[in-house]
Amino acid sequence: MRFTQFLVVILFFGSSASAQELSLPKIFNDHMVLQRNADVRIWGTTSPNSVVTLMIVDLRVTTESNENGDWEAFLPKQNAGGPYRLIIESENTITFEDVYFGDVWVAGGQSNMEWSIGSNIDNMEAELNDAEYPEIRFIKIAHDISAVPLNDLRHDAEWKIANKENARNFSAVAFFFAKHNHLEKNVPVGIIDDNWGGTPAEAWTPTTRLQTVAGYQESSSEMLNTNIDWERRFQKNDSLNSIKYERVQDVSNFLKYRAHETEFNDINWKEVNLPNSEPLFDFVWLRKKFNLKSTSGAQLSFGWPGKFTVVFINGKRVYQKGWEDARIVHIPAGVLVAGENVIAIRTVEDWNSQSYIGRAGEFWIQTHDEKLSLEGKWKFSNTVEPPMPKVIRYEHRPGTLFNAMINPIAGYSIAGAIWYQGESNVGQYQYYNELFETMIEEWRASWNQGSFPFLYVQLANFQQKRNDPYDSQWARLREAQTQTLSLANTGMATIIDIGDADDIHPRNKKDVGYRLWQSARHVAFHENIVHSGPTYRGHVVDGNRIILTFNHIGNGLQNKGVEAISGFSIAGSDSTFYWAKAVIDGDHIIVSSDQVKHPIAVRYAWEDNPDAFLYNKKGLPMVPFRTDN
């Protein structure tokens, strides 16, 4: 209950009633950004029934802890500015230095949001050289899981000022977004970097709420089972996980098995054809003999080696791949011999223990005089080393990340959230719309700030292109994301044009941040701009063609493809889709096909990795859609 704009007294329940020093959650520390133009919530614990006084700028706010020592206060609305000192007094005094008021955003999701500037994004060095922005601050929330909601983070967190050194570890998407916010609004910006690669949306959603969401009742019931000692189970799993990654990342201990040596006896190994169409499991060893006429200028190509791959030729290490991109290997002089050679590969995939080696047409060794394909029969064994420890990804289970990484910071006053996730839910696309909307609603309920802006990225184009139209799971997941725009104060950045067929982590993060910012300008700052690419509005059937209309076209439509408009397919009553011809006619697009005389449905960019080159004149891409149900 607020008595005046300077006095807040709110009693709630929580900690022990014994005497205790003043403390605040770990989200509060030096260099933090507090939300401008909002009543900023500050909370913590002290001795029961004690007076707590907060002082910043020329404000003095007083509250009192309850019988358990919990307290909460609100700083009245402040304009952007700083630096300030925040002093909090009770049983003892806590002082936070270099505090600013500005815009605060939670940056959530999986690896494409987590992906840092220093992880080889496009133009990485240039971007790092333009990272000195002392009024942009990031705080990284450490990975953690819990079966029950936590009141505070269990790992220390620290607000970092943007500079070349610190920015290497910042979320790239969030940093580009923050730069737009900072430069265009002339305010400090704080990013709560709260994400975990590979995680599904259900892990970021309260477990109890998932009891009513289709597809998640059973898994959430398991996590709510109080007869399970979850902390003990997590600890045991963490120990196995440590052993797993010690072995996965090992580059020398496995040499004791001697499978890399030329004279190793592989007579009892199985045979496998590479590139392999079926996965190879655990710690995979492969060996092959090949003959060369000469050895000068030797190079080796895999096409796409696994994430953790080491290669030996004639017992000598020639290649070691960790997280970096695949590349052609230049083989040092003296490794190869004229005549018979032996190549040995050790590879392991940490994500799901499923390894694939090679790619058709890109798996070879060559010298100045010849080029030999390495495709075909290889000797194979996955019993040279003990099998990979069986580790459960509890960070994928319902509620575990919400409990440990969201609930402890919920209530820290924010402008809104940006989100980049969905790849890990593609296999359950049919549940994603309800799940995602539920997650957003629950975050908003937890913050108690009403329907704060929630801006998210639609999945990029990914995987190999296909010749004929098909019903894509990635397209279905994108459709579920589009449907989530029905929630108030949401915005979506479409990036169907800047993905990478070979990499689920496209390196163009700058455009992603920019497009999220366009949504923010409209949703959060209420600017009357074209903030989205064209979106399907409606259609009419006109004989053997379908005429489409769109929203968000601004000054018009444009095709950036070098040839005819691509990406459209069309179907008649048999629901068989064929590639379609499309032409721009003013603000409309007319679609037809000689193979469909009586069309009833159209799809656009309805593939994993479509050819999608339609934009509005602002340069924002058309949002994928279908007219059939």
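Reader: Over which residues does pLDDT stay under 50?
Author: This is a predicted model, and pLDDT stays under 50 over residues 1-17. For that stretch the model has 50 contacts beyond four places in sequence.

Reader: And what does the protein average?
Author: The average pLDDT is 95, and 96% of the residues score at least 70.

Reader: Which ones are buried?
Author: Among them are Ala172, Val173 and Ala174, then Phe175, Phe176 and Phe177. Lys179, Asn181 and His182 are buried too.

Reader: How far apart are the end C-alpha atoms of α4?
Author: They are 20 Å apart. At 1.5 Å a residue, a helix of 14 residues should span 20 Å, so the two values agree.

Reader: What happens at the start of α4, and what follows it?
Author: At the start, a side-chain oxygen of Ser171 comes to within 3.1 Å of the backbone nitrogen of Ala174. After the helix comes Asn186, which has a positive phi, near 55 degrees.

Reader: Now Tyr514. Which helix is that in?
Author: Tyr514 belongs to helix α11, residues 510-523. Its relative accessible area is 28%, which means Tyr514 is partly exposed.

Reader: What does Tyr514 touch?
Author: Not counting residues up to four places away in sequence, Tyr514 touches His180, Lys618 and Leu620.

Reader: How far is Tyr514 from Val173 in space?
Author: C-alpha to C-alpha, Tyr514 and Val173 are 8.5 Å apart, though 341 residues separate them in sequence.

Reader: What about the largest nonpolar core, how many residues?
Author: That core has 77 residues. Leu34, Ile42, Tyr412 and Trp443 are among those with the most contacts inside it. Helix α9, residues 429-447, gives the largest share, 7 residues. Apart from this core lies another one of 40 residues, including Ala167, Ala178, Val512 and Ala520.

Reader: Back to Trp443, what is it in contact with?
Author: Leaving aside neighbours within four places in sequence, the contacts of Trp443 include Val106, Trp204, Phe402, Trp419 and Phe454.

Reader: Last topic, the open sheet of 4 strands. What is the order?
Author: The order is β32-β31-β35-β37, with antiparallel pairing. The edge strands, β32 (577-579) and β37 (625-626), each pair on one side only.

Reader: How many bridges join β35 to β37?
Author: There are 2 bridges between β35, residues 601-604, and β37. Arg603 has Arg626 in β37 as its bridge partner.

Methods. Residues are numbered from 1 along each chain as its sequence is written. This is a predicted model: local features need pLDDT of at least 70, side-chain atom pairs count only at pLDDT 80 or more; totals for chains, interfaces and linings use all residues. Side-chain values use heavy atoms; hydrogens and water are left out. The expected span of a helix is 1.5 Å times one less than its number of residues. Buried means under 20% relative accessible area, exposed over 50%, partly exposed in between (1.4 Å probe, protein chains only). A polar contact is a pair of N or O atoms within 3.5 Å; within protein, one must be able to donate a hydrogen and the other to accept it, and residues adjacent in sequence count only if both atoms are side-chain atoms. Two strands pair if DSSP finds at least two bridges between them. A nonpolar core is a set of buried Ala, Val, Leu, Ile, Met, Phe, Trp, Tyr and Cys residues joined through side-chain atoms within 4.5 Å. Contact means heavy atoms within 4.5 Å. pLDDT is the predictor's confidence in each residue, from 0 to 100.
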